[in-house]
Amino acid sequence: MSVIASIEAEYRRYKALAEAAVGQVGDEQLSELGPGGSNSIEMLVRHLSGNLRSRFTDFRTSDGEKPWRNRDDEFEAATLSRQQLLEGWDAGWRALLETIGGLTDADLSATVTVRNQPMRIDEALHRSLAHAAYHVGQIVYVAKAMRAESWTCLSIPRGGSQAHNQSGRPENATAHAATLAARITRQS
């Protein structure tokens, strides 16, 4: 597997994790603040999708922090329907996945710019992947806190490690994303 393919698979895993978590909460819960007044799922979704759309639109030819993006606004309450929220989410991920789809490992040492800071493409991708993982973790945490006992685990459930280890199921990003996608389909 190429480095680019590996990075893309990890992005897809985190996209699927967030979507599986969002799929477990009701429409009204999307805009509820998280524990301790932390960001709502809606804010986190808008922030991550805005970041991805900004960073990966014209990835190689313009600064990753676009003048049309208002980052601060992403953390203000908004009145969006679930459909509107997910359309924005899809737009951010589409920008990312289309860009990655056009890259090869030979491109990794080329330079892009983010917030006026030049960096190699491999550095920009790893920075973005870490950022996505961070916020997806927040989305999962807030959704789990809201669902409490009715939460459906998105990884190995407590007490399930031995059974998982003996199952022989693949332990990679692509397999995990597929498992999560199947759960999302069953939830719909």
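Which residues lie nearest the centre of the largest pocket? I started my notebook with that, keeping in mind that this is a predicted model.

**Entry 1: the pocket**
I looked up the lining and found 16 residues, with S155, I156, H164, H176 and T179 nearest the centre of the largest pocket. The space inside the largest pocket comes to about 400 Å³. Next I asked which helices supply at least two residues each to this lining. They are α5 (161-167) and α6 (173-187). Of the elements, α6 gives the most to the lining, with four residues.

**Entry 2: helix α4**
I then turned to α4, which runs over residues 121-147. How far apart are its end C-alpha atoms? They are 38 Å apart, and that agrees with the 39 Å that 27 residues should span at 1.5 Å a residue.

**Entry 3: L80**
My last stop was L80, which I found in the loop between α2 (41-56) and α3 (82-101). Is L80 buried, exposed or partly exposed? L80 counts as partly exposed, because its relative accessibility is 39%, between the cut-offs of 20% and 50%. Leaving aside neighbours within four places in sequence, I found L80 in contact with R46 and L85. I also checked L80 against G50, 30 residues away along the chain: their C-alpha atoms are separated by 15 Å.

Notes. Residues are numbered from 1 along each chain as its sequence is written. This is a predicted model: local features need pLDDT of at least 70, side-chain atom pairs count only at pLDDT 80 or more; totals for chains, interfaces and linings use all residues. Side-chain values use heavy atoms; hydrogens and water are left out. Buried means under 20% relative accessible area, exposed over 50%, partly exposed in between (1.4 Å probe, protein chains only). Contact means heavy atoms within 4.5 Å. The expected span of a helix is 1.5 Å times one less than its number of residues. On a 1 Å grid over the protein atoms alone, a cavity is a set of points where a 1.4 Å probe fits but cannot get out, and a pocket is an open set with protein on both sides within 12 Å along at least five of seven lines; lining residues have an atom within 4 Å of a point. Grid points are joined across faces, edges and corners, and a volume is the space filled by probe spheres set on the points.
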